[in-house]
Amino acid sequence: MSNQNNAKLSVSNVEKIFHLKNSESIIAVTDTSFVVAENEFCVLLGPSGCGKSTVLRMIAGLEQPSAGLINLDGREIMGADRDRGMVFQSYTSFDWLTVQQNVEYGMKLNLVGRKERKERADEFINLVKLTKFKDAYPKQLSGGMKQRVAIARTLANEPSLLLMDEPFGALDAETRWNMQELMLSIMETTHTTVVMVTHDIEEALFLGDHIVFFSSHPGTVLEENYVEFKGGNRVTRKEDVLVLDGYADAERHIMRLMREQGTEHLD
């Protein structure tokens, strides 16, 4: 289990208040704490509106906590920085650039030399299995391919932490599980630490080493689950996870939490 001594990322007593018109305010997240270890795949899961994407945006530095601290590698996160890369659900490739040019784009902004840029782009394009399409434009790619471009572009900048906000939510079922398996393969190759938001229980149990389950609004950590039925291992084929002893019980447990918290949110 993760602890403060081997923490890659620590979220400590974080609260986020959004101030609205007429001096009104909404507490989106309150008293939220959890730790993510090096090379861990941490999944933020919970009912709609629980604040999990808000927490991810605070880790990214796109939002500032109203209270509490978020530390990465022992340093407080004060804003957006290249040590964190983010992949969104929506496709973010530039339509007028090829796959190769899209993957090189962030490195070009960071003043990486042309030769190194090309070498790193080639490496990550190959990692996401798009070498044959490196000269294609986004309009010529499927949705899954576009997300692979986004992942390659983000990883090519060598972030210390990869953040993903429902990155496979818009994909069809077959493409989604192929992307999930690819993501686990990439993690094993790059040893990247990942924090991902999802609303999909099956996805969370397949990908996650550590699931942080949020309560209904205002969101706080209701439960942490270290997916013990995997025995501390990553299982890279989805059909192999579904038949593991303990999988069905874990799915039922989280589904019950989701139902209970979702019902509270509707009251």
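The buried residues of α5 are Arg-176, Met-179, Gln-180, Glu-181, Leu-182, Met-183, Leu-184, Ile-186 and Met-187. This is a predicted model, in which local features need pLDDT of at least 70, side-chain atom pairs count only at pLDDT 80 or more, and totals for chains, interfaces and linings use all residues. Residues are numbered from 1 along each chain as its sequence is written, and side-chain values use heavy atoms, with hydrogens and water left out.

Me: What does "buried" mean, and how are helices and strands defined?

Reply: Buried means under 20% relative accessible area, exposed means over 50%, and partly exposed lies in between (1.4 Å probe, protein chains only). Helices (H or I, at least four residues) and strands (E, at least two) are DSSP runs, numbered from the N terminus.

Me: What span should α5 have, and how far apart are its end C-alpha atoms?

Reply: The expected span of a helix is 1.5 Å times one less than its number of residues. The 18 residues of α5 should therefore span 26 Å, and the end C-alpha atoms are 26 Å apart, which agrees.

Me: Which residue caps the N-terminal end of α5?

Reply: The general idea is a polar contact: a pair of N or O atoms within 3.5 Å; within protein, one must be able to donate a hydrogen and the other to accept it, and residues adjacent in sequence count only if both atoms are side-chain atoms. Here the cap is Asp-172, with a side-chain oxygen 3.2 Å from the backbone nitrogen of Glu-174. Just after α5, His-191 takes a positive phi of about 55 degrees.

Me: How many salt bridges does the structure hold?

Reply: A salt bridge is a side-chain nitrogen of Lys or Arg within 4 Å of a carboxyl oxygen of Asp or Glu. The structure holds 17 salt bridges. In one of them, the side chains of Arg-176 and Asp-200 meet at 2.8 Å, N to O. Arg-176 lies in helix α5 (residues 173-190) and Asp-200 in the loop between β8 (193-198) and α6 (201-207), so this pair ties together parts that are 24 residues apart in sequence.

Me: Where do the partners of the salt bridge between Arg-234 and Glu-188 lie?

Reply: The closest N and O atoms of Arg-234 and Glu-188 are 2.6 Å apart. This pair links distant parts of the chain, with Arg-234 in the loop between β10 and α7 and Glu-188 in helix α5, 46 residues apart. Arg-234 is partly exposed, with a relative accessible area of 21%.

Me: How is a pair of aromatic rings described?

Reply: Such a pair is described by the distance of the centres and the angle of the planes. Rings of Phe, Tyr and Trp (its six-membered ring) pair if their centres lie within 6.5 Å; planes under 30 degrees apart count as stacked, over 60 as edge-to-face and the rest as tilted. A search of the whole structure finds four aromatic pairs. One of them joins Phe-34 and Phe-214: the centres are 6.5 Å apart and the planes at 85 degrees, so the pair is edge-to-face. Phe-34 belongs to strand β2 (residues 25-37) and Phe-214 to strand β9 (residues 210-214), 180 residues apart.

Me: Are Phe-34 and Phe-214 buried or exposed?

Reply: Phe-34 is buried, and so is Phe-214.
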